[in-house]
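Here are my notes on the model, point by point. Have the structure open while you go through them.

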Amino acid sequence: MIIATTVSKSFGKLKALNDFSVTCNKGECVALIGPNGSGKTTFIKTILGMVVCDSGFITFNGINIKNNWQYRSQIGYMPQIGRYPENMTIGQVLEMMKDLRKTSKQDILDEDLIEQFELNMLMHKRMRTLSGGTKQKVSAALAFLFNPTVLILDEPTAGLDPVSSEKLKEKIIKEKKKGKLILISSHILSELDDLVTQVIYMQEGSLCFHKTIEQLKVDTGEEKLAKAIAQVMLQ
Amino acid sequence: MKKVIKYVVIDILRNKIMIAYTLFLLALSFSIFGLEDNSAKGLLGLLNIILIIVPLVSLVFSTIYIYNSIEFIELLVSQPLQRKTIWFSLFTGLALSMSFAFIIGAGIPVLLFQPDITGFIMILIGLLLSIIFVSIALLATVKTRDKAKGIGVAILLWLYFSILFDGLILFLVFQFSDYPIEKIMVGVSMLNPIDLGRILILLKMDVSALMGYTGAIFNDFFGTRTGMGISFLVLLCWMIIPLIISIKNFNHKDL
């Protein structure tokens, strides 16, 4: 579904992505793991077209994403740090996104997370008054709202309280069962254990390995993802 | 696209500066026309102020607005929208609000006190200048990532167009006063939309006689229909070229 071929991107001297190639298919739940500054977010942003890569290309359902934009209607994106127009209320932001994205009246909106996170009570609050966690909730609700076939979650649980983060996890599992492609970047490996089917490990903008979780467990002889990754990092 | 423009305009209206700007222009126009018993003189006074204020507000407000809506732009870029559409909508939203403020603030008083061709050209020039400087502001913001630097660039650009350029022209005129440079001056004046606007209006006001030989040469060129046509075309270029360059830049910008 998403195929990246020798993607490179540098910011000045820093090489954020270096000949990065990877393939993600439908029904997979992929964990993007790597140390800080290993290019996870840059890779996510290149998929979304927010960062334009220097060389290489990315295809989405067989179509090159360069100069293409319709494909983004199939993606739900939850940024690492959600930034929203400061003087809009939550309600206005949600309404605006619905207005901009909804193509026909038949589209069913998935308002599960809005209810789960009890955002309905906060609809009149301005974005600048929100705490980091509430902003994350809004980001999550927006990512799932339009029933996208691909979900890209950049550190989804960072800043969420344990209850909310559990709710979000349940939601991710639910969507995974529907056969969606889910890309998660996270540092909290213990949370990924019961979510992911594949692991992409990045280091300094390059791909270290891309394995299924079973394969990884067999290779390292560890049961838990966190320990398996720790093993890899030590090697 | 219409939807994005709608949100930009709503956002600009919500921030009350645009309303304050409109009221300021309105108060200014009425007081100037009220002070002068001759409305042509009033128009001349208004012209001088408008040629300073309109580019300044247009340039600085647009620059700050774009920097402040960086979150909004980021949000839109990750959605199924073309980048071209987003940028063009920002431009249209800003240009619409600026033009609207100018029409209400200065257009209506001018039409009330001086409803002739001179007044009409004055409104047209004011509108064009408002839009031209929105377009220049967009170019300045897309080229500089840093907010303080971007606003600094915008202010410097305004200083250049309103003050420095005239200084350079005076310098040229004095240095080459022995040569017949009047015709070249016509070409040089095309390099600054504010000057171009000023000349176009002054010539319509019959004060060109005061400008001596240069005035006569200017009248020869700008007074004709072709001259007028070319000048408006140049003003349009001032509007479109920075916009196109900024769209091209925005298409490759990392957010």
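1. How many residues of strand S8 (residues 181–185) of chain A are buried? Five of the five are, so S8(A) is largely enclosed by the rest of the structure. Bear in mind throughout that this is a predicted model.

2. Now for the two directions in which that strand's residues point. In a regular strand, side chains alternate between the two faces of the sheet. From S8(A), Leu181(A), Leu183(A) and Ser185(A) point one way, while Ile182(A) and Ile184(A) point the other way.

3. Next, the partners of S8(A). Strand S3 (residues 29–33) of chain A runs parallel to S8(A) and is joined to it by four bridges. Within that pairing, Ala31(A) has Ile184(A) as its bridge partner. Strand S7 (residues 150–154) of chain A also pairs with S8(A) in the parallel sense, over five bridges. Here Ile152(A) is the residue standing opposite Leu183(A).

4. Chain A also has an open sheet of four strands, in the order S2-S1-S4-S5, with antiparallel pairing. Strand S2 (14–24) and strand S5 (63–64) are at its edges with a single partner strand each, so one side of each has no neighbour in the sheet. Strand S1 (residues 2–11) and strand S4 (residues 55–60) of chain A pair in the antiparallel sense, with five bridges between them. One of the bridge partners is Ile58(A) in S4(A), which goes with Ala4(A).

5. Two backbone angles in chain A are worth a look. Asp19(A), in strand S2, has a phi near 45 degrees, a positive value in a residue other than glycine. It has 14 C-beta neighbours inside 10 Å and therefore counts as partly exposed. Asn61(A) sits in the loop between S4 and S5, and its phi is positive too, at about 55 degrees, although it is not a glycine. Asn61(A) is partly exposed as well, with 13 other C-beta atoms within 10 Å.

6. On to the helices of chain B. Two packed helices are described by the angle between their axes and the distance between the axes. The axes of helix H2 (residues 17–35) and helix H5 (residues 83–113) of chain B come within 9 Å and cross at roughly 15 degrees. H2(B) and H5(B) are therefore roughly parallel to each other, and the crossing is right-handed.

7. What does that helix contact consist of? On the H2(B) side, the residues include Tyr21(B), Leu25(B), Phe30(B) and Phe33(B); on the H5(B) side, they include Ala101(B), Phe102(B), Ile104(B) and Val110(B). By type, the residues of this contact divide into 13 nonpolar, four polar and no charged.

8. Then there is the interface between the chains, where 18 residues of chain B are in contact with 18 residues of chain A. On the chain B side, helix H1 (2–14) and helix H4 (70–77) each supply at least two residues. H4(B) gives the most, with five residues. The side of chain B that touches chain A divides into seven nonpolar, five polar and six charged residues.

9. Last, a glycine in chain B. Gly167(B) lies in helix H7 (residues 147–175). With 10 C-beta neighbours inside 10 Å, Gly167(B) counts as exposed. Its C-alpha atom is separated by 13 Å from that of Ser189(B), 22 residues apart along the chain.

How values were computed
Residues are numbered from 1 along each chain as its sequence is written. Chains are lettered from A and ligands numbered from 1 in the order in which they are written. This is a predicted model: local features need pLDDT of at least 70, side-chain atom pairs count only at pLDDT 80 or more; totals for chains, interfaces and linings use all residues. Two residues are in contact if their C-beta atoms, placed from the backbone, lie within 7 Å. Ala, Val, Leu, Ile, Met, Phe, Trp, Tyr, Cys and Pro count as nonpolar, Asp, Glu, Lys and Arg as charged, and the others, Gly among them, as polar. Axes are lines fitted to C-alpha atoms, for helices over the stretch in contact, and angles run from 0 to 180 degrees between N-to-C directions. Angles under 35 degrees count as roughly parallel, over 145 as roughly antiparallel, 65 to 115 as roughly perpendicular and the rest as oblique. A crossing is left-handed if the near helix is turned anticlockwise from the far one by less than a right angle, and right-handed if clockwise. Two strands pair if DSSP finds at least two bridges between them. A residue is buried if 20 or more other C-beta atoms lie within 10 Å of its own, exposed if 12 or fewer, and partly exposed in between; C-beta atoms are placed from the backbone.
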